[in-house]
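Subject: Structure for you to look over

Hello,

I am passing on the structure we spoke about. Please have it open while you read the notes.

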Amino acid sequence: MQQILNFLIKHNHWFLFILLEGISFVLLFSFNNYQSASMFTSTNEVAGNIYSMISDVDGYFTLNDENQALLEHNKELISEIEALKEELATLKDSSAIAAFPDGKFRFNTARAVNNSLNKLQNFITIDKGENDGIGSEMGVFNDKGVVGIIYQTSGNFSLVMPLLNSKSMLSCRVKGSNSFCTLRWHGEELQYSYLIDLPRYAIFQQGDTVVTSGFSSIFPADIPVGEIERLEDSDDGMFYRARVRLFVDFASIDNVFVVGNDDKKEQDTLEQSINKLK
Amino acid sequence: MTSSTLINIRNFILLTFVQVLIFSHIHLFGYATAYIYLIFLLKLPRHTSRNALLMWGFLFGLAVDMFSNTPGINAAAATAMGFARNAFLATFTHKGMPEDFVPGAKSLKWGSYLIYSLMCIVLFYTILFILELFTISNIVPLLISIASSTLLTMLFVVVAECFSFRK
């Protein structure tokens, strides 16, 4: 007994080593789930606030460009409103307007405070969290197009899984056609992603615009994503694969919009109940 | 609490900030990222207990992980490096050396110190990148990442050593 105890005491660093490595691996694997503890990521208050402070200072240097982009976006929105107003005036008397549903999407603005680009699994930290009504699996986009999907949230910060993450999948549609497909990132190239499983019968061309499908209930339909640059065969030759140039410049993300869907829960439970039946 | 522990805690906080706010954002050629906090682990005195080395490595790794959204990856790699450090160091110590010393160019000579650093850093990056990419099928980019990051970090080890050498 004494000898066993002596042995254990003499080699206690082995046990500490195994314990610490164990903790590291638990952290590593639990991070792979949505909703897991966000204490050890940059959504925690300490890291979030420090990044927020740095980005406050940093933000001044890009104010000019950012203002210009917002002005452009404003201009587009104003012209769109004007066009819609005219449309509305012509429809005023018809009964169609009465049946127009209330928007089920809620929008929120946020600022990116931290951003990684060099990994296979990149993340963006934004400065809004649960206290602002943000929850996981909400969509994030900016004036150029889709940025990503909320992965984890804490009180005042959220972690976004951008399109530049090997685990990210986005349901998309090629504008002008009705076939749906999935956008995945292969790593390495910052500005390019791939549409996989494009059906053979569908006709696409170089330069076609890729937009959100509105299928997944995360994003409203028709938010721009990117532009098809090249069509190629998939590895098994059954489908097409398209190389897509993304509209968003992930190296300079600042102001973003977060979109939540009031009906998402309902749609999800319905879809899950069907899966259970299978 | 001894004064050396306090100095270590101060260095810990300073190095973590410098690491996560500056060095973690530099990716030379898309492959090389320097983890200068390893210098702290390299420079702990010879007689630092294995348990203390493990704890320092783990806490440092965890702090850096927290800021870079890679939970557990740095912690696992730095803990392993802390574990192996004394064994690596032991191969370069010989009789006639003072009982306890801070590893460096002065105490170990340049050659030995650099090889000792190189062994520790290669171990660290090998674990780090295998965990991060989680595959060894793309062996070439993995090796490029390990080699380039090791070289870059070694450069900072040499620079840090030159500064402390002049004192």
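This is a predicted model: local features need pLDDT of at least 70, side-chain atom pairs count only at pLDDT 80 or more; totals for chains, interfaces and linings use all residues.

Barrel in chain A

In chain A, 6 strands close into a barrel in the order S6-S7-S8-S11-S10-S9, with antiparallel pairing. On average, neighbouring strands of this sheet are turned by 45° against each other, direction ignored.

Strand S6 (residues 169-174) of chain A runs antiparallel to S7(A), and 5 bridges join the two. A:Met169 has A:Arg184 in S7(A) as its bridge partner. The two strands S6(A) and S7(A) make a hairpin with 5 residues between them, and A:Gly176 in the turn has a positive phi of about 90°.

Strand S7 (residues 180-184) of chain A has A:Cys181 and A:Leu183 on its covered face, while A:Phe180, A:Thr182 and A:Arg184 are on the uncovered one. S7(A) also pairs with strand S8 (residues 192-198) of chain A, antiparallel and over 3 bridges. There, A:Leu183 stands opposite A:Leu195 in S8(A). On to the next strand: S8(A) is joined by 5 bridges to strand S11 (residues 240-246) of chain A, again antiparallel, and A:Leu195 stands opposite A:Ala242 in S11(A).

Pocket in chain B

The second largest pocket has a volume of about 790 Å³. It is lined by 25 residues, of which B:Asn11, B:Leu15, B:Ile39, B:Phe40 and B:Lys43 are the closest to its centre. Helices H1 (3-21), H2 (38-42), H3 (50-68) and H7 (139-166) of chain B are the elements that give two or more residues to the lining. H1(B) supplies the largest share, 7 residues. By type, the lining divides into 15 nonpolar, 7 polar and 3 charged residues.

Over all chains, the count comes to 20 aromatic pairs. In one of them, the ring centres of B:Tyr35 and B:Phe124 are 5.8 Å apart and the planes are at 65°, so the pair is edge-to-face. B:Tyr35 lies in the loop between H1 and H2 of chain B and B:Phe124 in helix H6 (residues 110-133) of chain B, so the pair ties together parts 89 residues apart in sequence. B:Tyr35 counts as buried at 8% relative accessibility, and B:Phe124 is buried at 0%.

B:Phe40 and B:Trp56 form another edge-to-face pair, 5.1 Å centre to centre with 65° between the planes. B:Phe40 is in helix H2 and B:Trp56 in helix H3 of chain B, so this pair ties together parts 16 residues apart in sequence. Both B:Phe40 and B:Trp56 are buried.

Regards

Key: Residues are numbered from 1 along each chain as its sequence is written. Chains are lettered from A and ligands numbered from 1 in the order in which they are written. Side-chain values use heavy atoms; hydrogens and water are left out. Buried means under 20% relative accessible area, exposed over 50%, partly exposed in between (1.4 Å probe, protein chains only). Helices (H or I, at least four residues) and strands (E, at least two) are DSSP runs, numbered from the N terminus. Two strands pair if DSSP finds at least two bridges between them. Axes are lines fitted to C-alpha atoms, for helices over the stretch in contact, and angles run from 0 to 180 degrees between N-to-C directions. On a 1 Å grid over the protein atoms alone, a cavity is a set of points where a 1.4 Å probe fits but cannot get out, and a pocket is an open set with protein on both sides within 12 Å along at least five of seven lines; lining residues have an atom within 4 Å of a point. Grid points are joined across faces, edges and corners, and a volume is the space filled by probe spheres set on the points. Ala, Val, Leu, Ile, Met, Phe, Trp, Tyr, Cys and Pro count as nonpolar, Asp, Glu, Lys and Arg as charged, and the others, Gly among them, as polar. Rings of Phe, Tyr and Trp (its six-membered ring) pair if their centres lie within 6.5 Å; planes under 30 degrees apart count as stacked, over 60 as edge-to-face and the rest as tilted.
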